[in-house]
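User: Could you walk me through how the helices pack in this one? I'd like to go pair by pair.

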Amino acid sequence: MPFNTKLTRALGIKVPVVQGGMQWVGYAELASAVSNAGGLGILTALTQPTPEDLRKEIRKCKTMTNKPFGVNITLLPSMNTPDYGAYAQVAIDEGIRVVETAGNSPGPVIKKLKTAGIIILHKCTTIRHAQSAIKLGVDFLSIDGFECAGHVGETDITNFILLSRARQSFDVPFIASGGFADGQGLAAALSLGAEGINMGTRFMCTVEAPIHQNIKEEIVRAQETDTELVLRRWKNTSRLYKNKVTEAAVKIEKESTTGKFEEVAPYVSGKRGREVFINGDPDYGVWTAGQVIGLIHDIPTCDALVKRIEKDAEDTLNKASALIVPASKL
């Protein structure tokens, strides 16, 4: 049975599940599969080397689905700052209806997108950041708990607290991100006040995810303890899959007497991380993974996964509802 939440109504989707934007993963193959399954697939803008390449990827995705899909634009510190405005303009030109934003100083990009009537879903790791995003006029918040993959922030607040704080604090609707992989998680998020969930790592481990099969199998074998927090010393903490490279990076981070980022930079290279998804060697470089890897035990199609989440969430909510009985029946 289709869900009816503020998210599904606003985006025109059947199941309140968003595929988070992931670097080197968010291509048309995955985004279209998620959208065809009833969720919202998302292309990652900066996975494309230029705005014009993003245009080509959007058009490719349109040939693979007639369902809504979005674009992720993440603004992060970089030695060579991308032309975020140009990526945003491509999304506008190509008729994208929803954009997931994240990162530092998103104001100008959000303003540009909002002026074009695009729905903004902004990722936040703290209540303070969420309050700032609300002032910018975002339509939905994506509340990112400490369990999540990638940039976790510096406050270490997990979703059980963070989602309830969002419910208590905001009138703007929000979805839950970080630690979600199944229908029970979706049911829990809805019960805590969210309008849906965002999943990244879980969608990496699907048939359509454009990464090497070895990495998918590595995720299936992994436990919830197999992630590592890296770059905390430089206030740029990321949760990555624990491997030989992250262990070396953390050792340098803890033992360096200079505290210079240059010492650890070669170990956290995004280029080496991209190669992991191509060559299938989980120890070749760093790659993001959330603690949710401990909940992932198979490699389904996106369609099978979303259908399972939909059914399990409905069953879970019905079971919870059945716990409430009239006092006269006790």
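User: How are helix 4 and helix 5 oriented to each other?

Analyst: This is a predicted model, in which local features need pLDDT of at least 70, side-chain atom pairs count only at pLDDT 80 or more, and totals for chains, interfaces and linings use all residues. Residues are numbered from 1 along each chain as its sequence is written, and side-chain values use heavy atoms, leaving out hydrogens and water. Helix 4 (residues 84-93) and helix 5 (residues 107-115) pack at an angle of about 20°, their axes being 10 Å apart, and are therefore roughly parallel to each other (angles under 35 degrees count as roughly parallel, over 145 as roughly antiparallel, 65 to 115 as roughly perpendicular and the rest as oblique).

User: Which residues in helix 4 and helix 5 meet?

Analyst: From helix 4, Tyr84, Gly85, Ala88, Gln89 and Ile92 meet Val109, Lys112 and Leu113 of helix 5, where contact means heavy atoms within 4.5 Å. By class, this contact has 5 nonpolar, 2 polar and 1 charged residues.

User: OK, switching to helix 2 and helix 3: at what angle do they pack?

Analyst: Helix 2 (residues 28-36) and helix 3 (residues 51-64) pack at about 40°, with their axes 9 Å apart, and this pair is therefore oblique.

User: And which residues do helix 2 and helix 3 bring together?

Analyst: Ala28, Glu29, Ala31, Ser32 and Asn36 in helix 2 meet Glu57, Lys60, Cys61 and Met64 in helix 3. The residues of this contact divide into 4 nonpolar, 2 polar and 3 charged.

Note on methods. Axes are lines fitted to C-alpha atoms, for helices over the stretch in contact, and angles run from 0 to 180 degrees between N-to-C directions. Helices (H or I, at least four residues) and strands (E, at least two) are DSSP runs, numbered from the N terminus. Ala, Val, Leu, Ile, Met, Phe, Trp, Tyr, Cys and Pro count as nonpolar, Asp, Glu, Lys and Arg as charged, and the others, Gly among them, as polar.
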